[in-house]
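This report examines selected features of one protein model. Please consult the sequence and the structure while reading.

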Amino acid sequence: MNAIYIALPFVQFALSLFLANIVVASDPSNRVNRVFTLFLLAMAGWGIAIFGMRDAFPDEPLAFTREKIALAVIPFTSVFFYHFTLRYTQGSARNRTLLVFYALATATAVLSMTNQVATGMEVKFYGFAPELGWAFGLMLLAAYPPIFASYRRLGAVKKTETDERVRKQLTLLRLGIVALVLGGTSDFIPSLGLDIYPMGIVGNIFFVGLATWGVTRYRLMELRLVLRRGLAYSAVSSALFAAYGASFGAVFLLAGSLSTPALVMTAIGAIILVGVIIQPAISRLQLAVDRMFFRERGDRVAGLARLNELTKDITDFGAVASGITETVRRTVQADWAAIALPEGRQGGYVSIASTDRFEAPLTLSRRGNVISTLRRNRAISTIAELDVLESATGEESTEDRELKLLKESGARLLVPMDVGGRLTGVMVLGERLVGSDYDSEDRGFLTAAADQASIAVENARLYANTRREADERAAVAELARVVGSTLQTIDVLERCAHQVRSLLNADRVEITRIDDEERFFRIAHVEGLAIQGWEQGSMSSTEDAHFQAALDYRRGELIDLTSNEASRSSAARAAAKHGLQSMISVPLISKEKIIGTLNILSLDADAYAPEDLELAQRIGAQVTNAIANSLLYEQALQLAEEREARARLDAENRELQRINEAKIQFLSMVSHELRTPLTSMMAFADILKTNKSGNLVEKDISRLDVIRRNGRRLSLLIGDLLDVSRIESGALKLDISEFDMNQMVEELHESFVPLVEEKNQVVNVDMPSEVITCFADRDRIAQVVSNLMSNASKYSPESKEILVKMWADADTIYVSVKDEGIGISEEDQKQLFTSFFRADNDETRAAPGTGLGLVIVKGIVEMHRGKIWIESEYGHGTTANIQFSRRCDIPEPGSPETDSTDAGDSDQAA
């Protein structure tokens, strides 16, 4: 049989066990590692079972027994890998899908051992292949879906992942899955009758190798160190095994004639003797292996050279720090490394670069025992040394929790970064991955690395401060230039907000304006994060302001928006709801008066330091000058515009008055000039109609009737024009007398009956039985009511009802005329009391009218200290309502009461 065909599964077995040992030894407490180790052990079991099956040829029963074991293990490799994928991608490891996969794998294992997945073995050109049973499909269902689900989940995570290193790891895992699927599928195809060489084991080897590469790249450093560690363990373990094996062989060869007790005693003595002798040799061998496989000294020299190159760049210390941590980690073969620098805004030492991805940056308190010890000793400290120091304090304090956090993160060594006796940072290292713990040579390298990093930190700090000061001066100078170059408030505020965001870590900038009494504020300009309800132009009370402290103390303030005091403000609560935590508020004071505030907000906690507040106050002074200048400019413009508007309005009023007087004069003249010839025409028409000479036939008489009707219409138009001109000119005089309103309405009702009968309409009157006495111009009030009744009849269809309703109280008389006519649209109602206006529809055009009736009605009603209003809906009729004073005693012109009366009329009419 082909030797490679038998050897490949054993290679899979050995490789899987080797990698499982390396992975689990790297961090036994890590759940991801433990689940991945289960997957590797399942792959090892699969490999050894296939190895046994192939080696059993031609013993078919033995081969079948081992094949059943392999078929039982196969689904668990897929399920374990899916379980690992969930852990690896931070998904839920307790979802229903995983439980279903485990249940299917268990069921398949039971069926495999009871000969349901495979019923026997058959001979192929390459060796044995299983004869498939009815449950083979269930085994495929248990093996393939978890793998496909893993492939899909890894792809989904890759789409959202931004870290290029993690993306490469995910790619390796997916490539491994492809190799497994292709190889595993080739194992089952021969059982279907095709002569294809099974490549499942080859695919498994690729799968195990690629998957482990991806996992170790993520959790361990790099595969080079993993292989070094494994080979070092193998070499030392093999030497130890060989020494003890040789001693046992020598005992059994030389003491073969001894009794059993003597043989046991001799073996124990040999073990003790070898243990005493071999230990020093093993230690020297371990040292030699470490030097051979780890090349520590060469790595340190190369690491120092690399650090020397990295620390030359001070312009981008973030990238430099990342390079330093990676170089240190590789050189001393640490699990991870990090650099923590003092951060004024956080009040401690915060990691700015780390080779591991922590949920939150490592933070060490400035006043904690960890930093105090490093500052005092200026020497490398281990976690064990710090643990003794912390435990002596008794109750768990902030420092104790800090040390606990370091332990949980796997920190083992803290290296102080010192410049001129000042602690400029801390280098933190995790466990050492290979060899023994950190030795003196490692510490020497770390001290040198920390010295180089300290110098780089100090240079970068000086460079950053110089650059910051230059940027601040340039920004303030630019603000001063903007303030001097423009007086437009909007432009100034926009440029100021932009400069603030470029100088400070601002996620939102607000510039507010406060009223003279400091009772209300308005957001004049906002830039950055939007907050619903607090947009540009929003107004609120200063008592509910998130910058109340700045107003109270009349100075710039650093405000924690999440504090209990700030949360009393709805503005602060809205800001905190959107994630904003820190704020600088600077009052803008001009002539000892607060005219506004400059508010700078950030999503970070404790984002601003006192030096940021000082910069904000300098910017606030420029903003104050800008607002004050623009206010003066806007006030000057407003005064000029108001003067110009008043002059323009006076001119327009004079012109309108002139036009109105000309119109009134024209109407009066035309009315008088038309009335004289019209009177003659009507008189001669009446004379002709008497037909005394008898020479007119009936047709001629009917034509005279047409002349008379049109003459009457023209007479009414002339009368309306005269009334309009008198009302507008104030020449219309009221003839006040006492009369009975009931009687007047009844007379109008009787006179309208013949007119409405032509259209089969009915006029009903609803008025109280008691007499309503009125002091007014009886003829003009009758003209008003008659006009409204005439309109109701004209614009109502045939056979409809017209309701005239009248009632009164102690001072006012009310009259309403309601019809069931065509109604008036809302748009037309706006122009009802405009001269000559008539609605543009077929019904209105069919009814005669001049468009002056309601204008006259309104004028007469207002002269009687009343008002008129219309209630109508198009297509549903109209109700015209009037009310007027029950006693209209008109003062003499020029009397003191005239002005007040006119004012009252105007107010009432409005």
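## Terms and model

Helices, of at least four residues, and strands, of at least two, are DSSP runs numbered from the N terminus. The model described here is predicted.

Ser-799 is found in the loop that lies between helix H22 (778-794) and strand S18 (801-808). Its phi angle is near 65 degrees, which is a positive value in a residue other than glycine. Most residues other than glycine have a negative phi. Ser-799 has a relative accessibility of 52% and therefore counts as exposed, since the cut-off for this class is over 50%.

## A loop residue between two strands

Lys-591 also has a positive phi, near 55 degrees, and is likewise not a glycine. The loop that holds Lys-591 runs between strand S13 (582-590) and strand S14 (593-602). With a relative accessibility of 79%, Lys-591 counts as exposed.

## The pairing of helices H3 and H4

Helix H3 comprises residues 60-88 and helix H4 residues 96-113; their axes come within 7 Å and cross at roughly 170 degrees. Angles over 145 degrees count as roughly antiparallel, so H3 and H4 are roughly antiparallel to each other.

Which residues of H3 meet H4? On the H3 side, they include Ile-69, Leu-71, Pro-75, Phe-76, Val-79 and Phe-80, as well as Lys-68 and His-83. Their counterparts in H4 include Leu-98, Phe-101, Tyr-102, Ala-105 and Met-113, together with Thr-97 and Ser-112. The residues of this contact divide into 15 nonpolar, five polar and one charged.

Technical notes
Residues numbered from 1 in each chain as written. Predicted model: local features only at pLDDT ≥ 70, side-chain atom pairs only at ≥ 80, totals over all residues. Heavy atoms only, no water. Axes fitted to C-alpha atoms, helices over the stretch in contact; angles between N-to-C directions. Parallel < 35°, antiparallel > 145°, perpendicular 65-115°, else oblique. Contact = heavy atoms within 4.5 Å. Nonpolar A, V, L, I, M, F, W, Y, C, P; charged D, E, K, R; others polar. Buried < 20%, exposed > 50% of the residue type's maximum accessible area, 1.4 Å probe, protein only.
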